[in-house]
Amino acid sequence: DLPLSGDVCDDLLCVRGALGVAPDNNGEDSVWVQVGLSSNIDPESFERKPLAIVAVVDVSGSMGWGYQNENSPGEISRDLLLKLSEQLNQEDRIAIVTFGSQVNTVLEPTPGGTASVGEAIHGLSAGGVTNLEDGLRQGYHLAAEAVDVYDEVRVMLFSDMQPNVGMTQP
């Protein structure tokens, strides 16, 4: 936690920046940038609207699923998805789309707190190449369906960003 000082935030989101020059590990001068975020939202009284999340998850070999390495992109993604799912309640929905050699909806929109959410996350494993484009297409398709029901819809991408099939350029 490296807060930046300044005026009290009167908006939903206030962004502050800071810049410094200091030596790096090699003793060479480096430029360091800090971004501070604050808000006028009171966390004690805030009530979140029901949320629909579509997690689009890279299950390609480069993600390191199941390598028993907790620092692999796949295992970090699994940990983040589990922590995210713990924040959801029965009014929320989460869907999981995986992409590798194939695109699959491994979890249809499901209420938060349901056992099948954790089961789907724990069941993620490696599945070939990285077809990011088609994975996102399926994720956005599910999100478009959720927009008719939920005010808050998010597509979250979990990937090491090494697409090698479909659109591979920025």
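Predicted model: local features only at pLDDT ≥ 70, side-chain atom pairs only at ≥ 80, totals over all residues.
Visitor: How many salt bridges does the count come to?
Guide: Side chains of opposite charge can pair when their charged atoms come close. A pair is counted when a side-chain nitrogen of Lys or Arg is within 4 Å of a carboxyl oxygen of Asp or Glu. By this rule the count comes to 5.

Visitor: Which residue forms a salt bridge with D92?
Guide: D92 sits in the loop between α1 (73-86) and β4 (93-99). Its partner lies in the loop between β2 (29-38) and β3 (51-58), 44 residues apart from D92, so the pair links distant parts of the chain. The closest N and O atoms are 2.7 Å apart, and the partner is R48.

Visitor: Is D92 buried or exposed?
Guide: A residue counts as buried when its relative accessible area is under 20%. The relative accessible area of D92 is 0%. R48, its salt-bridge partner, has 37% and counts as partly exposed. D92 itself is therefore buried.

Visitor: About how many helical turns separate E133 and R137?
Guide: The two residues form a salt bridge, with 2.7 Å between the closest N and O atoms. An α-helix has 3.6 residues a turn, so residues three or four places apart point the same way. E133 and R137 are 4 residues apart in helix α3 (residues 132-147), and the separation is therefore about one turn.

Visitor: What is the N to O distance in the salt bridge of E152 and R154?
Guide: E152 has 25% relative accessibility and counts as partly exposed. R154, at 38%, is also partly exposed. Their side chains meet at an N to O distance of 2.6 Å.

Visitor: How far does α3 reach from its first C-alpha to its last?
Guide: The helix has 16 residues. At 1.5 Å a residue, the expected span is 22 Å. The model is close to that, with a reach of 22 Å.

Visitor: Which residues are exposed on the other side of α3?
Guide: L132, G135, L136, G139, L142, A143 and A146 are buried in α3. They cover an arc of only 125° around the axis, which means that they are on the same side of the helix. Exposed means over 50% relative accessible area, and R137 has 52%. On the other side of α3, the exposed residues are R137 and Y140.

Visitor: What covers the buried residues of α3?
Guide: Among the buried residues of α3 are L136 and L142. Strands are part of what covers the buried residues of this helix. The cover includes β3, β4, β5 (103-111) and β6 (152-158).

Conventions:
Residues numbered from 1 in each chain as written. Heavy atoms only, no water. Helix = DSSP H or I, 4+ residues; strand = E, 2+ residues; numbered from the N terminus. Buried < 20%, exposed > 50% of the residue type's maximum accessible area, 1.4 Å probe, protein only. Expected span 1.5 Å × (residues − 1). Arc of directions from axis to C-beta. Contact = heavy atoms within 4.5 Å.
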